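Welcome, and thanks for taking a look at this one. Here is a short briefing to read alongside the sequence and the coordinates.

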Amino acid sequence: MKKTVLITGSNQGIGYELAKYLCKNGYNLILCARNKVKLANVEKELSKIKKKNQFIISKNLDISSEKKVDNFFKLNFKKLSKVDVLINCAGIYGPKGLFQNQNWQNWKDVIRINLLGSIYIIKKILPYFTKKNKGKIIQFAGGGAASPFPFFTAYSASKVGLVRFVENISLELKNKNIQINCIAPGPVNTRMLDEVLVAGPVNVGKSFYEKSIKQKSDGGTDIKKINELVYYLINKDSKNLSGKLISAQWDNWRNFKKRIDEINKSDLGTIRRIAGRDRKMNFFDL
């Protein structure tokens with residue numbers, strides 16, 4: 001019997017591509033997003049390719065509203081109790097440009113949606129997973145999670161916060177058969193890329209703007225790599241792998257299977273402070 005997957009931000013971009021991929025592979029889907037029209041169109045499209053024994057449900061949901069999330073879980077208790085996998089794709093870039101010039105309310109909105117909204121969905125789904133003593137959670141990270149991302153300070157802060165949160169929670173869930181990981185998808189040609197191109201080099205930085213133009217032309221990260229990494233993480237081959245930030249573009253995750261215990265005991269796939277001795281610059285250390 002195929003698993004049931006809850007996907008936030010599933011009306012466009014990576015969330016939509018994942019929904020389509022998992023639908024073709026026979027998974028039951030609960031799709032969530034803020035845009036009712038786009039979400040309804042996705043459900044209609046996927047209903048044409050789903051198998052007879054599959055179900056696909058779409059629910060309008062703004063994850064930044066605790067009240068709406070609470071209501072969503074209350075009204076859909078029976079369906080949500082069947083969820084085996086949570087995939088958090090919902091997120092926005094928010095304000096771009098010099099931090100000092102950005103609207104403070106818009107800056108906070110990014111934290112409210114990307115960071116707090118994602119974390120609150122995880123908080124709400126965990127009691128279901130704990131009761132069943134199993135579950136998989138995948139949180140999409142992004143630019144600025146592992147390296148500086150100037151001109152996108154709110155987005156970067158939200159994503160690095162998610163990575164550390166995931167690592168923390170993975171340790172709390174260590175003995176509960178619940179695995180949680182982050183994915184760094186790499187540069188993907190979605191609406192967020194279009195936002196960058198519209199914003200222009202003054203607001204996003206000349207270097208990033210030029211990279212984005214090249215990305216638009218070259219196609220960016222192949223969505224197939226992202227789909228296959230997600231598939232790996234929600235199935236038994238990744239058993240016990242948890243608390244890691246895994247790159248769809250650069251990490252050799254297909255060879256992880258026999259070395260998961262070793263990976264879990266290491267700081268691979270984590271964010272760490274670099275000391276002077278790590279770079280043979282001991283003058284930095286006491």
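Leucine 31 stands opposite serine 58 in strand E3, and that pair is a handy place to start. Please keep in mind that this is a predicted model.

**Strand E2 and its partners**

- E2 and E3 (residues 56-60) are parallel to each other and share five bridges.
- To get from E2 to E3, the chain passes through helix H2 (residues 36-47), making a right-handed β-α-β crossover.
- Strand E1 (residues 4-8) is also parallel to E2, and five bridges join the two.
- Within that pairing, isoleucine 7 has leucine 31 of E2 as its bridge partner.
- Helix H1 (residues 13-24) carries the chain from E1 to E2, and this β-α-β crossover is right-handed too.
- How many of the residues of E2 are buried? Six of its six residues (28-33) are.
- On one side of E2 the buried residues are Asn28, Ile30 and Cys32, and on the other they are Leu29, Leu31 and Ala33, so both faces are covered, given that buried means under 20% relative accessible area.

**Lysine 244, a buried charge**

- You will find lysine 244 in the loop that links helix H10 (223-233) to strand E7 (245-247).
- Which side chain of opposite charge is nearest to lysine 244? It is glutamate 167, 6.5 Å away.
- A salt bridge needs a side-chain nitrogen of Lys or Arg within 4 Å of a carboxyl oxygen, and lysine 244 is buried yet has no salt bridge.
- What the side chain of lysine 244 does reach is backbone oxygen: that of leucine 268 at 2.8 Å and that of serine 266 at 3.0 Å.
- Serine 266 and leucine 268 are also among the contacts of lysine 244 beyond four places in sequence, a list that includes Ile263, Asn264, Asp267, Gly269 and Thr270.

**Serine 81, in a loop**

- Serine 81 sits between helix H4 (77-80) and strand E4 (85-88), in the loop that joins them.
- Is serine 81 buried, exposed or partly exposed? Its relative accessible area is 27%, so serine 81 counts as partly exposed.
- A polar atom of the serine 81 side chain lies 2.6 Å from the backbone oxygen of lysine 78.
- Leaving out residues up to four places away in sequence, serine 81 touches Tyr128 and Lys132.
- For a sense of distance, the C-alpha atoms of serine 81 and threonine 221 are 34 Å apart in space, with the two residues 140 apart in sequence.

- Phenylalanine 151 is not a glycine, yet its phi is positive, near 75°.
- Its place is the loop between strand E5 (135-140) and helix H6 (153-172).
- With a relative accessible area of 26%, phenylalanine 151 is partly exposed.
- Lysine 280 is not a glycine either, and its phi is positive at about 55°.
- Where is lysine 280? It lies in the segment after helix H11 (260-264).
- The relative accessible area of lysine 280 is 80%, so this residue is exposed.

Technical notes: Residues are numbered from 1 along each chain as its sequence is written. This is a predicted model: local features need pLDDT of at least 70, side-chain atom pairs count only at pLDDT 80 or more; totals for chains, interfaces and linings use all residues. Side-chain values use heavy atoms; hydrogens and water are left out. Helices (H or I, at least four residues) and strands (E, at least two) are DSSP runs, numbered from the N terminus. Buried means under 20% relative accessible area, exposed over 50%, partly exposed in between (1.4 Å probe, protein chains only). Lys and Arg count as positive and Asp and Glu as negative; His and the chain ends are not counted. A polar contact is a pair of N or O atoms within 3.5 Å; within protein, one must be able to donate a hydrogen and the other to accept it, and residues adjacent in sequence count only if both atoms are side-chain atoms. Contact means heavy atoms within 4.5 Å. Two strands pair if DSSP finds at least two bridges between them. A crossover is right-handed if, with the strands pointing away from the viewer, the path from the first strand over the helix to the second runs clockwise.
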